Amino acid sequence: MSQTASAPAGENFSQRNFDRLSKLIDRYSGIKMPAGKRTMLTVRLRNRLLALDLASVDEYCSYVFEQGGAESELVYLIDAVSTNKTDFFRESAHFDFLRETMLPALAAAGQRQVKCWSAAASIGAEAYTLAMVLDDFRQRNRGPDYAILATDISTEVLAVAVQGQFPASMMDPVPPEFCARYVMKSRNPGSDTVRIVPSLRAKITWARLNLMDERYQADPDMDVIFCRNVLIYFDKTKQGQVLSRLCRHLKEGGYLILGHAETGAGAGLPVRGVVNSIYQKV
Ligand SMILES: C[S@@+](CC[C@H](N)C(=O)[O-])C[C@H]1O[C@@H](n2cnc3c(N)ncnc32)[C@H](O)[C@@H]1O
């Protein structure tokens, strides 16, 4: 049935269908959808209903569960429900730790390349911040070269990330000397969009990766893994599973960095706490 102005998309959404959708989302992505999120889910699915020419979330659920749409819809569903808030230099103490502790130690040990992973990268602010910090250290100290893997479950955010193009206001937390070196202004004077320089963009490999997947592919010898501000969407059991899997991809002595509000404690991980939200593999 087509959309009409008097019947906004998503109005009909039964409790049973909410339960079915939230179970599907949780099982696939680990993202919790408690009962209070029903309105949020309705709003976030509106564009999808329009794209599929469906009049309500109940119709959408028939399509997903009764007409075999579940598999093809998962990508869109996850795009619709994931929370992608991010910033450049977010929780900047983590980048200070890299600059002041991790990178000098690796340079002193003569390591030639640092391997980093931004494991819930969103639109890429975290990975580009990492690239700026690593590149700056390399230039100042003849430090190691670097390679960054940046992954996310959402195809929508990855499509933005790979372009490296952002509203100029997102650069407010970026130190001016980094802006001067690593951020290009548009040639169009009316544009308020900026772009990360090609030399940094070339250092990052982008990929879709679901942290819930038990058999994802990633190198086993990362020096540092950032997994920040995503665990909060998972229950305790899934948090532990995600972190254990990530630890398999860290080299001994490598660092696992979580969001300030997140913890790896109690998950039986092969790590020691260094400072709040930073862990080192033992
Ligand atoms: C709030 S953002 C955090 C971005 C960045 N790490 C930061 O701290 O600024 C959370 C990201 O986790 C991603 N995400 C959610 N569930 C995921 C999963 N199962 N696997 C991989 N990424 C996931 C979302 O798509 C979203 O982009």
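A crossing of two helices is called left-handed if the near helix is turned anticlockwise from the far one by less than a right angle. In this predicted model, the crossing of α1 and α4 is of that left-handed kind. Helix α1 spans residues 15-29 and helix α4 residues 57-66; their axes come within 10 Å and cross at roughly 50°, which makes α1 oblique to α4. On the α1 side, the contact is made by Asn17, Arg20, Leu21 and Leu24, and these meet Val57, Asp58, Tyr60, Cys61, Val64, Phe65 and Glu66 of α4.

Attention now turns to two individual residues. Phenylalanine 226 is part of strand β7, which covers residues 222-227. Its relative accessibility is 0%, so phenylalanine 226 counts as buried. Leaving aside residues up to four places away in sequence, phenylalanine 226 touches His94, Phe95, Leu98, Trp117, Ser118, Ala119, Ala120, Glu126, Leu130 and Ile257. Between phenylalanine 226 and lysine 85 there are 15 Å in space, C-alpha to C-alpha, while the two are 141 residues apart in sequence.

Serine 122, by comparison, sits in a loop, the one between β1 (113-118) and α7 (125-141). The side chain of serine 122 reaches the backbone oxygen of asparagine 84 at 2.7 Å. Asn84 is also one of the residues that serine 122 touches, along with Thr86, Asp152, Val157 and Ala161, when residues up to four places away in sequence are not counted.

How values were computed: Residues are numbered from 1 along each chain as its sequence is written. This is a predicted model: local features need pLDDT of at least 70, side-chain atom pairs count only at pLDDT 80 or more; totals for chains, interfaces and linings use all residues. Side-chain values use heavy atoms; hydrogens and water are left out. Axes are lines fitted to C-alpha atoms, for helices over the stretch in contact, and angles run from 0 to 180 degrees between N-to-C directions. Helices (H or I, at least four residues) and strands (E, at least two) are DSSP runs, numbered from the N terminus. Angles under 35 degrees count as roughly parallel, over 145 as roughly antiparallel, 65 to 115 as roughly perpendicular and the rest as oblique. Contact means heavy atoms within 4.5 Å. Buried means under 20% relative accessible area, exposed over 50%, partly exposed in between (1.4 Å probe, protein chains only). A polar contact is a pair of N or O atoms within 3.5 Å; within protein, one must be able to donate a hydrogen and the other to accept it, and residues adjacent in sequence count only if both atoms are side-chain atoms.
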